Each structure stands twice: as structure tokens, then as C-alpha cells.
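Here is a colleague's note to read beside the model. Keep the sequence and the 3D view open, and find each residue as it comes up.

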Amino acid sequence: MKTSHHPSTILMTADTVGSVWTYALELTRAVATHGTHIALATMGEPMSEEQRAQAESISNLTVYESTYKLEWMDAPWEEVEKAGEWLLQLRDQVQPDLIHLNHMSFGSLDWGKPVLTVIHSCVLSWWRAVKQEEAPKKWNKYREMVRKGLQAADVVVAPTQAMMHQAEELYGPFKHSAVVYNGRGQHYFQFGRKEPFVFSLGRVWDEAKNISMLAHIASDLQWPVYIAGEGRHPETGESMELENVYFLGQLTNKEVTDWLSRASIYALPAKYEPFGLTVLEAAMSGCALVVGKTESMAEVWGNAAKYVDPVSADELRDTIEDLIEDEFCRNIMACRSVKRSHGYTADQMAQDYSYLYGQLIKAPVSVSE
């Protein structure tokens with residue numbers, strides 16, 4: 001098999017505020033074996049010390065940092081335009097073979113290179129899932145810019161078939177599309193000695209992750225519930241005080257890994273989760289999974305998770321309580337989740353992306369599905 005079609009340099013965008021950061025680093029590490037260098041243009045917020053240290057440990061990565069607003073933020077378009085100019089300057093500077101965008105509106109810039117754009121999530125599909133209605137008019141400009149960007153890309157990638165269907169319905173048609181599942185390096189996670197507690201990870205105030213529903217039923221559970229992530233409301237600064245819930249605040253990656261290795265049950269009753277990297281990390285750590293019943297979760301986890309209606313607190317409580325009571329069932333679910341997680345490795349993800357990269361470089365006009 002000839003490997004001459006691996007790009008030597010890719011210009012990739014990422015933001016520092018969500019799981020796209022984790023995804024970008026994981027993919028960068030995994031394509032190192034193909035001799036590919038990643039020039040990573042970051043936006044959103046300044047990198048944290050931990051992010052800086054992570055980036056410095058990767059030899060095939062150069063980070064170009066900015067704090068331009070992201071397309072889903074409040075009144076971002078002036079800054080998004082500036083970010084676009086900056087990205088085109090970076091293209092001239094690093095001379096990449098192709099562009100890998102993790103932000104959608106930049107697809108329509110005049111790149112002069114093959115462009116692959118990933119739709120990790122989007123405001124309009126978020127609104128449908130979380131609010132059960134279409135996004136209000138104030139998002140019309142977003143809709144238009146994202147549609148333009150995605151339709152201009154040579155190939156659009158989504159992390160699940162479910163997300164791709166939504167993307168096509170909202171923004172299509174696309175020139176070419178492909179589904180590439182996200183992946184993590186199994187070696188970061190270990191299956192430790194399991195302890196009697198329920199764990200969850202994410203911002204408590206995020207309506208999509210729906211962790212507040214878990215917090216509110218915690219007092220009915222026999223086991224304590226530990227929640228890692230931002231516990232204070234971003235606008236009001238309020239924090240929740242609830243019985244049987246322990247808010248751990250922001251943890252380092254190492255601390256998260258430790259908690260996951262000890263947790264018996266991982267619960268994330270999300271209303272919207274296009275792939276769910278934290279669920280994958282929990283599965284790799286041998287947790288029994290309880291997740292929101294959404295198309296994407298069912299696609300990724302099959303029979304390796306227990307599903308709950310994201311609006312039914314009773315169902316969430318009963319499902320977790322059943323797992324607490326039934327050790328045999330809990331162990332089966334943990335084994336299933338570990339086994340299923342083996343299908344979502346960083347190496348598999350890199351292989352799938354490398355195939356698409358190769359197709360784009362070889363013949364920018366004819367990407368095969």
C-alpha cells in the first residue's frame with residue numbers, strides 16, 4: 001500500500017473551550033505515525049496551563065493561539081471575519097497540503113487548498129434537541145454562515161450518522177460527506193477497583209448535558225453522586241447545594257482518569273450529545289453507562305448502555321437504582337461498555353481521517369464517499 005498520499009502539513013482549527021480540543025490533540029498524536037505535522041489555530045479563550053503543557057508534549061504539533069470569538073458565541077461575526085483573515089495568513093505562512101476545519105463558517109474562505117470540515121455539533125440541532133423547537137430568528141445569520149461554509153467544503157465529516165442526517169437536513173446538500181467516529185487513546189484510562197458511587201462529568205448548568213437532573217435525584221439514591229466540572233452558574237455565580245451530591249469543580253485530566261477508574265456507574269442523561277467523548281472515557285474505564293436516549297447515543301453504544309428518557313427524572317432514578325441493586329447486571333454492562341469502547345480508538349479515527357486526507361490530496365475533486 002503506497003503511503004505517498006499522507007499530507008505532510010495540515011492547518012487545523014480548534015477551540016479551547018470544549019471537547020474539540022481533546023479531539024484535535026488525540027488526532028494529532030495519532031497521525032504522527034504518518035509523518036503528518038499539524039499547525040493548530042486555536043480560538044475562543046486563551047489556553048489553560050494544562051492545555052499548554054499537553055500541546056508542548058506533542059512533537060508533531062505547532063500551536064498558533066488567538067482569542068477570536070467562536071461562531072456560536074454572542075455577536076461573533078466581526079471577530080469571525082478577523083479570524084478568517086488571520087487563518088488565511090497562517091495558510092500562507094505554514095503552506096499546508098490541506099485544511100481541516102472544526103469550525104464551520106470558515107469553509108467558504110478562499111483557501112485554494114482542499115478543505116475538510118467537521119460538524120461536531122451545532123446551535124440549530126442543539127436547539128431542536130434541548131428546547132424542542134426551532135432556533136429563534138437571532139440565529140439566522142449563524143444558519144446562513146454555517147450553511148455557506150459547509151456547502152463550500154470538499155468533504156463534510158460528522159462524528160455519527162445521526163449528526164450527519166441532522167446536518168444534511170439543516171445545511172445540505174454537501175459536495176461529499178463521511179462519518180468518522182471520534183476516538184481516544186485507550187492507554188490513558190484504566191479499569192480500577194470499582195467503588196460504590198455514581199460519577200458524571202460536565203458543566204452542571206449545561207441544559208444539553210442535563211446533569212442537573214442527575215443532581216436533583218441524587219438524594220433518592222443509595223450511593224453518593226460525584227460531579228466533576230463547573231458547578232457555578234456562569235451568569236449568576238450561584239452554585240447548587242443538594243443532598244448526596246458532591247461537586248468536585250474543574251479537575252485535571254489525571255484526576256478525571258482516577259475518578260473514572262473507581263466509578264461503578266457513569267451517568268449522563270444528555271438531551272443532546274452528538275458523540276460524547278466523556279462517555280467513551282467512562283466506557284474505557286469500565287463504568288456501567290446510563291445515558292440519555294438519543295439517536296447518536298444509541299448509534300454509538302448499542303446494547304452497551306442503559307438508556308433513559310432525558311426528561312424523566314423517575315426513569316433516571318430507577319435505572320441507576322436498579323444498577324446499584326444488581327451487581328451482576330452492573331458487571332455485565334461494564335464489560336459491554338469496555339468491549340464496545342475498543343471500536344472507538346484514536347488509531348481507528350486517525351486511519352479514517354488519513355484515508356479522507358489522502359483522497360483529498362490525490363484528487364481534490366473526487367473524494368469517494
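**Notes on the predicted model**

1. The whole structure holds 16 salt bridges. A salt bridge here is a side-chain nitrogen of Lys or Arg within 4 Å of a carboxyl oxygen of Asp or Glu. Side chains of opposite charge can pair when their charged atoms come close. This is a predicted model, where local features need pLDDT of at least 70 and side-chain atom pairs count only at pLDDT 80 or more, while totals for chains, interfaces and linings use all residues. Residues are numbered from 1 along each chain as its sequence is written, and side-chain values use heavy atoms, with hydrogens and water left out.

2. Begin with Arg29 and Glu26. Their side chains form a salt bridge, with 3.6 Å from N to O. Both residues sit in helix H1 (residues 19-31), 3 residues apart, which means about one helical turn separates them. Helices (H or I, at least four residues) and strands (E, at least two) are DSSP runs, numbered from the N terminus. How accessible is Arg29? Arg29 is partly exposed, at 29% relative accessible area. Glu26 is buried, at 2%. The cut-offs are under 20% relative accessible area for buried, over 50% for exposed, and partly exposed in between (1.4 Å probe, protein chains only).

3. Next, look at Glu281 and Arg184. They form a salt bridge whose closest N and O atoms are 2.9 Å apart. This pair links distant parts of the chain, 97 residues apart. Glu281 is in helix H9 (residues 277-284), and Arg184 is in the loop between S7 and strand S8 (195-201). Are Glu281 and Arg184 buried or exposed? Both are buried. Salt bridges also link Glu26, Arg29, Arg184 and Glu281 into a network.

4. Another salt bridge joins the side chains of Asp318 and Arg317, at 3.2 Å from N to O. Asp318 is partly exposed, with 37% relative accessibility. Arg317 is partly exposed too, with 24%.

5. Which residues form a negative surface patch? They are Asp322, Glu325, Asp326 and Glu327. Patch residues have over 30% relative accessible area and no salt bridge; like charges are joined within 9 Å, and nonpolar side chains (Val, Leu, Ile, Met, Phe, Trp, Tyr) within 5 Å. Asp322 belongs to helix H11 (residues 313-325). Asp322 is exposed, at 51% relative accessible area.

6. Aromatic rings come next. Rings of Phe, Tyr and Trp (its six-membered ring) pair if their centres lie within 6.5 Å; planes under 30 degrees apart count as stacked, over 60 as edge-to-face and the rest as tilted. By this rule there are 16 aromatic pairs. Tyr226 and Tyr246 make a stacked pair, 5.0 Å centre to centre with 25° between the planes. Tyr226 lies in strand S9 (residues 225-228) and Tyr246 in strand S10 (residues 245-249), so the pair ties together parts that are 20 residues apart in sequence. Tyr246 is partly exposed, at 41% relative accessibility. Ring pairs also link Phe197, Phe199, Tyr226, Tyr246, Trp259 and Tyr266 into a cluster.

7. Check the backbone as well. Most residues other than glycine have a negative phi, and most peptide bonds are trans. Where does a cis peptide bond occur? It joins Gly172 and Pro173, with omega about 0°. Pro173 is in the loop between H6 and strand S7 (177-179).

8. Gln95 has a positive phi, near 50°. Gln95 is in the loop between helix H3 (77-94) and strand S4 (98-101). Gln95 is exposed, at 53% relative accessibility. Gln132 also has a positive phi, near 60°. Gln132 is in the loop between helix H4 (123-131) and helix H5 (140-152). Gln132 is exposed, at 65% relative accessible area.

9. Finish with two distances. Ala55 lies in helix H2 (residues 49-56) and is buried, at 8% relative accessibility. Met163 is in helix H6 (residues 161-171) and is buried, at 2% relative accessible area. The C-alpha atoms of Met163 and Leu221 are separated by 33 Å, and these residues are 58 residues apart along the chain.

Conventions: Accessible areas come from the Shrake-Rupley method with a 1.4 Å probe; for residues, only the protein chains shown count as cover. Lys and Arg count as positive and Asp and Glu as negative; His and the chain ends are not counted. The place of a charge is taken as NZ of Lys, CZ of Arg, CG of Asp or CD of Glu.
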